[in-house]
Amino acid sequence: MSKLLRKPENAEIKDGVTLVHNVTSENSSLEYVNFKMIDLAPGATYLEELGKQECCIVAVTGKINVTDQEVTFENLGTRETVFEKVPTDSVYVSNDRTFEVVAVSQARVALCYSPSDKQLPTKLISAADNGVEHRGTGNNKRMVHNILPDSDPSANSLLVVEVFTESGNWSSYPPHKHDQDNLPEESFLEETYYHEMNPSQGFVFQRVYTDDRSLDETMTVENGNMVIVPVGYHPVGVPEGYTSYYLNVMAGPTRIWKFYNDPDHEWILKG
Ligand SMILES: O=C(O)C[C@@H](O)[C@H](O)C(=O)CO
């Protein structure tokens with residue numbers, strides 16, 4: 001199996017708390033992005049001291065309460081499944097704070113991390129605050145929920161978006177990359193993809209490749225899998241009959257998403 005593809009671990013780490021995914025700088029090549037997905041049974045709690053990391057807590061499905069020990073946000077989360085295609089609630093918690101998530105109902109919660117030094121205020125990013133964007137034309141149409149885009153200064157490094165790509169369509173396409181710290185031309189941002197499909201037996205293909213093809217992996221991605229994008233172009237193709245959802249986390253030395261399209265395929269934008 002590709003080193004870039006992760007299947008769910010589903011490790012019970014305490015009563016009612018399942019660690020579905022755990023991408024760290026120790027078990028991956030990523031330096032700027034860490035990611036956990038946890039499942040919480042109703043009433044279960046998850047507490048974490050952040051240290052020198054900031055965190056965006058996304059109520060992927062179900063309802064949760066979140067506290068940073070000073071401020072508490074209750075009944076966050078707007079959907080039973082991501083395929084309701086409505087934005088959800090998230091909370092940004094800065095470095096050197098401790099947060100706790102309490103499940104009000106069965107919940108799946110994404111914890112998106114990046115190294116951080118400068119403390120910022122805890123912030124509720126409500127579903128209504130998500131910018132909903134429709135990108136592309138023809139078979140390149142997809143819908144984006146901007147949870148933490150680079151236009152929102154609430155975080156030091158983290159960028160977080162959700163992307164829905166309908167049956168037979170492509171996203172992150174034409175292929176683009178952001179692996180050179182060379183602004184204003186291109187930014188360096190590592191990235192993780194957490195994928196779901198509807199219906200759940202579906203799959204998508206994701207290719208991660210560099211210009212010189214020293215990295216060139218095409219992965220069959222199934223429901224609940226993750227793909228790690230340390231560098232390179234990273235398009236996603238969705239077969240007929242299935243809708244794709246993914247949650248993207250990006251971070252790097254500068255909090256700007258400036259991508260570079262693969263020149264071989266950029267023509268489709270002009271065609
Ligand atoms: O297809 C899209 O527009 C979503 C992608 O841009 C995705 O968020 C990504 O590749 C970020 O680099």
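Student: What should I know before we start?

Tutor: This is a predicted model, so local features need pLDDT of at least 70 and side-chain atom pairs count only at pLDDT 80 or more, while totals for chains, interfaces and linings use all residues. Residues are numbered from 1 along each chain as its sequence is written, and side-chain values use heavy atoms, with hydrogens and water left out.

Student: Okay, the core. Which residues touch the most other members of the largest nonpolar core?

Tutor: Those are Phe35, Cys56 and Cys112, in a core of 30 residues. A nonpolar core here is a set of buried Ala, Val, Leu, Ile, Met, Phe, Trp, Tyr and Cys residues joined through side-chain atoms within 4.5 Å. Buried means under 20% relative accessible area, exposed means over 50%, and partly exposed is in between, using a 1.4 Å probe and protein chains only.

Student: Which strand gives the largest share of this core?

Tutor: Strand 25 does, with 4 residues. Strands that each supply at least two residues include strand 3 (17-23), strand 4 (34-40), strand 6 (53-61) and strand 25 (243-251). Strands are DSSP runs of E with at least two residues, helices are runs of H or I with at least four, and both are numbered from the N terminus.

Student: Why would such residues sit together?

Tutor: In soluble globular proteins, nonpolar side chains tend to be buried together.

Student: And what does Phe35 touch?

Tutor: Leaving out residues up to four places away in sequence, its contacts include Val23, Cys112, Thr192, Met226, Leu247 and Val249. Contact means heavy atoms within 4.5 Å.

Student: Thr192 is on that list. Is Thr192 buried or exposed?

Tutor: Thr192 is buried, with a relative accessible area of 0%. Its place is in strand 20 (residues 190-198). Beyond its neighbours within four places in sequence, Thr192 is in contact with Phe35, Leu30, Val33, Ile228 and Asn248, among others.

Student: Let's switch to the ligand. Which residues come nearest?

Tutor: Of the 15 residues around the ligand, Arg135, Arg142, Ser172, His178 and Asn248 come nearest. A residue counts as near if one of its heavy atoms lies within 4 Å of the molecule.

Student: Which side chains have a polar atom 2.9 Å from a ligand oxygen?

Tutor: His176 has a polar side-chain atom 2.9 Å from an oxygen atom of the ligand, and for Tyr193 an N or O atom in the side chain is 2.9 Å from a ligand oxygen. His234 also has a side-chain N or O atom 3.0 Å from an oxygen atom of the ligand.

Student: How much of the ligand does the protein cover?

Tutor: The protein covers 99% of the 320 Å² of accessible area that the ligand has on its own. Such areas come from the Shrake-Rupley method with a 1.4 Å probe.

Student: How many aromatic pairs are there?

Tutor: A search of the whole structure finds 9. Rings of Phe, Tyr and Trp (its six-membered ring) pair if their centres lie within 6.5 Å; planes under 30 degrees apart count as stacked, over 60 as edge-to-face and the rest as tilted. Tyr46 and Phe99 form a tilted pair, 6.2 Å centre to centre with 40 degrees between the planes.

Student: What does that pair tie together?

Tutor: Tyr46 lies in strand 5 (residues 45-49) and Phe99 in strand 10, so the pair ties together parts that are 53 residues apart in sequence. Both Tyr46 and Phe99 are buried.

Student: Which rings link into a cluster?

Tutor: Ring pairs link Phe83, Phe164 and Tyr245 into a cluster.

Student: Last topic, the backbone. Where are the cis peptide bonds?

Tutor: One runs from Tyr173 to Pro174, with omega near 5 degrees, and another joins Leu183 and Pro184, with omega about 10 degrees. Pro174 is in the loop between strand 16 (170-171) and strand 17 (176-177).

How values were computed:
Polar contact = N/O pair within 3.5 Å; in protein donor to acceptor, adjacent residues only side chain to side chain.
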